[in-house]
Amino acid sequence: MKIIDIIKKYEHAYFISPHYDDAILSAGNLLHALSKILPVSVVTVFTEIGMKPYTLSEKAFMRQCGYKDLKNLYVDRKNENAKILDQIGINRIDFGYVESLSRKSPHISDIRKALSSVIPEFNRLYPTYRFHSVSGKIASSDNETIGKIKSTLIDTDAYYHTNHKNSRLLVCPLGIGGNVDHLIVRTACAGSGLPVIYWTDFPYILKDKPDNKFLSDNNLTPLSYESDNTTKHEMIRQYTTQFMPLFKNKPIKFVTEEYYVKL
Ligand SMILES: [Zn+2]
């Protein structure tokens with residue numbers, strides 16, 4: 001069974017990318033091949049970022065990307081993503097959620113609110129990148145975020161697909177590496193009731209493994225998509241704001257794209 005043959009049966013494939021670069025990084029080869037076969041959209045879920053004052057983790061991220069203002073960085077991220085997807089004829093949808101690095105806690109005390117004007121970490125749901133954003137633990141107040149994303153996924157283009165409930169396919173991350181935004185997207189897709197195929201998160205798959213419990217709970221089987229990486233490499237290089245933080249100017253160590261499917 002080939003992954004392309006499975007996906008070809010659907011009318012439209014929606015790649016649900018947590019951040020601007022994730023779909024191309026993890027699934028660029030498959031996306032590129034599918035773009036010639038059926039309508040494909042890339043939905044980016046977390047496309048917004050916070051304002052000053054910045055947390056230490058936000059400052060560190062800006063520094064790595066070579067920016068002094070997060071808003072400017074995110075305008076450039078949006079534009080570079082648009083340019084890359086336009087080149088291969090992929091439709092784009094941005095959901096506009098704030099990413100974990102800047103997400104505010106919905107319920108904080110007045111004291112914490114007051115302190116946060118000086119130390120912004122006090123009003124954040126995930127105050128640090130290292131100990132919170134990539135901890136693999138979704139904060140309980142993000143259950144509301146998951147619910148909203150799930151509804152938006154179900155509603156997206158539903159009008160065009162009302163006659164064929166299963167004509168839409170979602171392709172989304174397994175959440176390898178423990179980034180909470182990736183896990184939130186996985187949870188929302190898995191709970192949407194729509195058919196889902198999962199990608200292995202790159203480059204995080206180089207260091208981490210899929211969550212075996214999730215694989216067995218969802219009866220998922222691995223399927224590889226073999227392809228040469230020339231076009232994918234060219235696309236990844238064009239995410240210029242992320243190239244340094246992700247690859248530190250070293251050659252990219254590509255692996256075969258692997259997907260998990262319920263057969
Ligand atoms: Zn990401």
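**Figure 1. Burial of helix H8 in the predicted model.** In this predicted model, ten of the eleven residues of H8 are buried, so the helix is largely enclosed by the rest of the structure. The buried positions are Val180, Asp181, His182, Leu183, Ile184, Val185, Arg186, Thr187, Ala188 and Cys189. Helix H8 (residues 180–190) lies across strand E1 (12–17), strand E2 (40–48), E4 and E5, and runs at about 155 degrees to E4. An α-helix has 3.6 residues a turn, so residues three or four places apart point the same way.

**Figure 2. The right-handed β-α-β unit of E4, H8 and E5.** Strand E4, helix H8 and strand E5 make a right-handed β-α-β unit. The strands of the unit, E4 (residues 168–173) and E5 (residues 196–199), pair in the parallel sense over four bridges. Within this pairing, leucine 170 stands opposite valine 196 in E5, and proline 173 stands opposite tryptophan 199 in E5. E4 is mostly covered, with six of its six residues buried. E4 also pairs with E1 in the parallel sense, again over four bridges; here histidine 12 stands opposite arginine 168 in E4.

Figure 3. The strands form an open sheet of seven with mixed pairing, in the order E3-E2-E1-E4-E5-E7-E6. Strand E3 (91–98) and strand E6 (221–225) stand at the edges; each has a single partner strand, so one side of each is left without a neighbour in the sheet. Direction ignored, neighbouring strands of this sheet are turned by 25 degrees against each other on average. Strands of a sheet pair through backbone hydrogen bonds, either parallel or antiparallel.

Figure 4. Strand E7 (residues 257–261) pairs with E5 in the antiparallel sense over two bridges. In this pair, tryptophan 199 stands opposite tyrosine 259 in E7. Tryptophan 199 of E5 also stands opposite proline 173. E7 and E6 likewise run antiparallel and are joined by five bridges, with serine 224 standing opposite glutamate 258 in E7.

Figure 5. The largest nonpolar core has 50 residues, of which Ala13, Phe15, Ile16, Leu31, Leu170 and Val171 touch the most other members. Helix H2 (residues 22–34) gives the most to this core, contributing seven residues. Leaving aside residues up to four places away in sequence, phenylalanine 15 touches Ala23, Ala27, Leu31, Val40, Val42, Val43 and Val171.

**Figure 6. Two cis peptide bonds in loops.** Lysine 52 and proline 53 are joined by a cis peptide bond, with omega about 0 degrees. Proline 53 is placed in the loop between E2 and helix H3 (56–65). A cis peptide bond also leads from phenylalanine 202 to proline 203, where omega is near 5 degrees. Proline 203 lies in the loop between E5 and helix H9 (212–217).

**Figure 7. Asparagine 219, a residue with positive phi.** Asparagine 219 has phi near 50 degrees, a positive value in a residue other than glycine. Asparagine 219 is found in the loop between H9 and E6. Because it has 10 C-beta neighbours inside 10 Å, asparagine 219 counts as exposed, the cut-off for that class being 12 or fewer. Most residues other than glycine have a negative phi, and most peptide bonds are trans.

**Figure 8. The chain as context for the close-up views.** The protein chain contains eleven helices and seven strands. Its C-alpha atoms fill a box of roughly 55 × 40 × 35 Å, taken along the principal axes. The radius of gyration is 18 Å, which agrees with the value near 18 Å that a compact globule of 263 residues would have. Of the 263 residues, 37% count as buried. Among contacts with a separation of 6 or more, 79% are between residues 24 or more positions apart.

Technical notes
Residues numbered from 1 in each chain as written. Predicted model: local features only at pLDDT ≥ 70, side-chain atom pairs only at ≥ 80, totals over all residues. Core = buried A, V, L, I, M, F, W, Y, C linked by C-beta atoms within 7 Å. Buried ≥ 20, exposed ≤ 12 C-beta atoms within 10 Å, placed from the backbone. Contact = placed C-beta atoms within 7 Å. Pairing = 2+ DSSP bridges. Axes fitted to C-alpha atoms, helices over the stretch in contact; angles between N-to-C directions. Rg over C-alpha atoms; globule rule 2.2 N^0.38 Å. Right-handed = clockwise from strand over helix to strand, strands pointing away.
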